[in-house]
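User: Could you walk me through this model, starting with the packing inside it? I have the sequence and the coordinates open.

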Amino acid sequence: MKFIVGYPIRENRAFLEDVIRAREQIAEVYFSWGDTPNGRSALTADTGETAFETQQRQARDLKLLSDAGLRFNLLFNANCYGRDAQSRAFFSRLGDLVDYVQHSFGLASVTTASPLIAKFVKENFPGIDTRASVNMEIGTVEGISYVADYFDSFYVKREYNRDRAALQRLRDWCDQNGKQMYLLANSGCLNYCSAHNFHDNLVAHEAEIAAMDNGYRFGGVCWDHLKDPANAERWLQRTNFIRPEDISLYEAFTPAMKLATRVNAVPVRVLNAYLDGRYRGSAMELLEPNHSGIFYPHYVENSLLGSDFAERVMSCDKRCEQCGYCAEVMRRATVTLESDPSMKL
């Protein structure tokens, strides 16, 4: 299995060095450019540098990775571009950026949640793969077929990571129609989050929102939801992450998995856990978002989830209200820091 890894927003030389060392297992490095709206904070936000310094650093790092033979994926995956969404000026700027990245560093693919951006790239930059963002929540044959003329590949809806039958249907359709599918391995988002699209729209407009006198702050409903112990005990059941130990089960479905490493506090830990195919420690620390703070001083020990966990949840009937399997596994795998003999406090 190969991995598609995100360029960290904050400087992380160790991460870049490990990516280069593991380049045979890295399919692509994905990134946003500057303050271009995307599915996470702008690259130039909260780095401790000026926007100019951050942009210079990114250019140096991409050149380093390019010289090492890495391939790149450029993100235009914001859920909203406001009044620019269809404007000629916007597409002119977008075209200039794609052309610059392509000729300066090389560009294998573009990920976007906009069919219009995909159409523009396909028409003007032949040879660049147009990829549907995971934010489009494509999880059915119907869903991908509706936009098949716009996209060459797509990320599968997170919630289908643990549904073997659904993945097989999508794989079969891709094989028959010349498309490719990819999976996001380490999302910490709750399944079927009712506020996901609202949150993604806020992120797309974060620069404008930050300039306002705001009456509320919104960081996602998951934090308040999981603070209730009755909900917290369902965390494992209501998530969709794929453990490093279970990657081999997915080799028949996808050639590469995406790892969310752009805003993770320790992206090197995420990268090496999946490269090694094993991890001992809090499962939540591998995920984005990371809800560890809600559970402290307890954590779900990844190595205790069991070797048969993925096989079981990939083939179950998904009638979670009638089954206590995930809750029982989570109880067995939950560790209190003070009681963990490996912890050196």
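User: Leaving aside its neighbours within four places in sequence, which residues is F76 in contact with?

Analyst: Happy to! This is a predicted model, in which local features need pLDDT of at least 70 and side-chain atom pairs count only at pLDDT 80 or more, while totals for chains, interfaces and linings use all residues. Residues are numbered from 1 along each chain as its sequence is written, and side-chain values use heavy atoms, with hydrogens and water left out. Taking contact as heavy atoms within 4.5 Å, the partners of F76 are T36, Y81, L94, L97, V98, V110, T111, T112, A113 and I117.

User: How many residues does the largest nonpolar core have?

Analyst: A nonpolar core is a set of buried Ala, Val, Leu, Ile, Met, Phe, Trp, Tyr and Cys residues joined through side-chain atoms within 4.5 Å; buried means under 20% relative accessible area, exposed over 50% and partly exposed in between, with a 1.4 Å probe and protein chains only. F76 is among the residues with the most contacts inside the largest core, as are V5, V19, V29, L74, F154 and W235. Another core, of nine residues including I4 and Y182, lies apart from it. The residue count of the largest core is 88.

User: Which elements do the buried residues of α14 pack against?

Analyst: Helices (H or I, at least four residues) and strands (E, at least two) are DSSP runs, numbered from the N terminus. Helix α14 spans residues 325-333, and its buried residues are Y325, C326, A327, V329, M330 and A333. They pack against α10, α12, β9, α13 and β10.

User: Where is P297 found, given the cis peptide bond from Y296 to P297?

Analyst: That cis bond has omega near 10°. P297 is found in the loop between α12 and β9.

User: Is E137 buried or partly exposed?

Analyst: Phi of E137 is near 55°, a positive value in a residue other than glycine. E137 lies in the loop between β5 and α5. Because its relative accessibility is 29%, E137 counts as partly exposed.
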